[in-house]
Amino acid sequence: MIGRREREGPLMRNNSHSLRKSRVITAIAIGVLIGCIFAFLFPNGFFVSDSATPNSHLPLAGSKTQYLSENSAGCESSDRVNMLKSEFVTVSEKNAELKKQVRKLTERLRLAEHGKDQAQKQFLALGKQHKAGPFGTVKGLRTNPTVVPDESVNPRLAKILEKVAVNREFIVALANTNVKEMLEVWFTNIKRVGIKNYLVVALDDEITKFCESNQVPVYKRDQDNSIDSIGKIGGNHEVSGLKFRILREFLQLGYSVLLSDVDIVYLQNPFNYLFRDSDVESMSDGHDNMTAYGYNDVFDELAMGWARYAHTMRIWVYNSGFFYIRPTIPSIELLDRVATRLSKEKAWDQAVFNEELFYPSHPGYDGLHAARRTMDFLLFMNSKVLFKTVRNDDRLSKLKPVIIHVNYHPDKLPRMKAIVEYYVNGKQDALKPFPEGSEW
């Protein structure tokens, strides 16, 4: 018995201990469950007054729903505000960094634009780069490529030029009734020389009929009030300014043009004496090698003492009444620049023409990147050279020019006729009656 009790003793103690533990766990579980139920049913507590809970009169389910909704909305609103603040800080930091990068890139671009090599840029557009050759053998690029012809610009004119042009080049002159007599001398000598590729742009109907009656190729532009009003009644300078707008179509069609005023006498075919290596090849208003081709003009300022002498480069202007222009981008840009300025300024077209050709790039101004060549001033002669120098020189008077432009004298028609008498008909005293200059 004793042994049995001894064996049962530990077992009963173990069972009693397990039972107490189970009861404790059960009590805790019941307490937690009751606490959860009351917490769910009375979220604001047992002792909250009605004034503190304005919605306590609502049904239980309603109170629970509203509370959950308000609590959820409050949490979401708070989280949203925090998220937006975080995003705002992040975006602000990124924006500041981007502004810094933009400033750096802008500065780099400015420096790149300031120091870019236009010649290299042009060369890269035309072909691959090459190494420089030995000393004295390097020649820079002078001849720009021509534009792709665009017949859609003026289909009617394109058909006319197909018949008139030779090797895609021709002489063109603008004329209205005011210069009818000079025009007749002009085309009569062109025909006599045997030039086939020439065209008159008629600025009024009378000139159109006059040319047609004399079998002279003529082109009457479509109506354009801004041009026609000047073309019909304008004087020499006004009409001269129109050519820069009209010439553009010829170049866009892919033709090289030898622009000619009508106060010019043709003695030889000028196309036989052109180099065609530049965008613009023009006759000069200069009267000797220095003035025609340029010279170092030393300016003396005594007050500067040791530095009194300042060297300058001078050249007499190109004549905008006789020049050969190739259909290149710089050539078209030149026409656009001159036409634009003449439409806004009261300026002489020849002065503007030369300013755009020669002024270099400088702060606030991008110069024209056009190649230019000065024609031989004794072959493409102005009337100052003829009446002041050539006719008084036995050696030079035997020279036969290609053309003579009566640009320095207002009595144009009688001098043109005298030039024909002297060079064509051999009348040796034909030029003598005229003074070197002109009478006011």
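Buried here means under 20% relative accessible area, exposed over 50%, and partly exposed in between, with a 1.4 Å probe and protein chains only. Welcome to the close-ups: they come from a predicted model, in which local features need pLDDT of at least 70, side-chain atom pairs count only at pLDDT 80 or more, and totals for chains, interfaces and linings use all residues. Residues are numbered from 1 along each chain as its sequence is written, and side-chain values use heavy atoms, leaving out hydrogens and water.

**View 1. The whole chain, as a starting point.** Of the 440 residues in the chain, 35% are buried. The chain has 13 helices and 12 strands; these are DSSP runs (helices H or I, at least four residues; strands E, at least two), numbered from the N terminus. Contact means heavy atoms within 4.5 Å. Among contacts between residues at least 6 apart in sequence, 70% join residues at least 24 apart.

**View 2. Two nonpolar cores.** A nonpolar core is a set of buried Ala, Val, Leu, Ile, Met, Phe, Trp, Tyr and Cys residues joined through side-chain atoms within 4.5 Å. The largest one holds 55 residues, and Leu183, Trp186, Tyr266, Phe322 and Leu386 touch the most other members. Helix 13 (residues 412-423) supplies the largest share of this core, seven residues. A second, separate core has 38 residues, among them Leu161, Leu242, Leu247 and Leu335.

**View 3. Leucine 386 and its partners.** Setting aside neighbours within four places in sequence, leucine 386 is in contact with Met381, Arg391, Ile404, Ile419, Tyr423 and Leu431.

**View 4. Helix 5 against helix 13.** Helix 5 (residues 180-193) packs on helix 13 at an angle of about 25°, with the axes 9 Å apart. Axes are lines fitted to C-alpha atoms over the stretch in contact, and angles run from 0 to 180 degrees between N-to-C directions. The two helices are therefore roughly parallel, a label for angles under 35 degrees. On the helix 5 side, the contact is made by Glu181, Met182, Val185, Trp186 and Asn189, and on the helix 13 side by Lys412, Leu413, Met416 and Val420.

View 5. Arginine 415 sits in helix 13. Is this residue buried or exposed? Arginine 415 counts as buried because its relative accessibility is 1%. Not counting residues up to four places away in sequence, arginine 415 touches Phe387, Val406, His409, Phe434, Pro435 and Gly437. Phenylalanine 434 lies 19 residues away along the chain, with 7.8 Å between its C-alpha atom and that of arginine 415.

Conventions: Angles under 35 degrees count as roughly parallel, over 145 as roughly antiparallel, 65 to 115 as roughly perpendicular and the rest as oblique.
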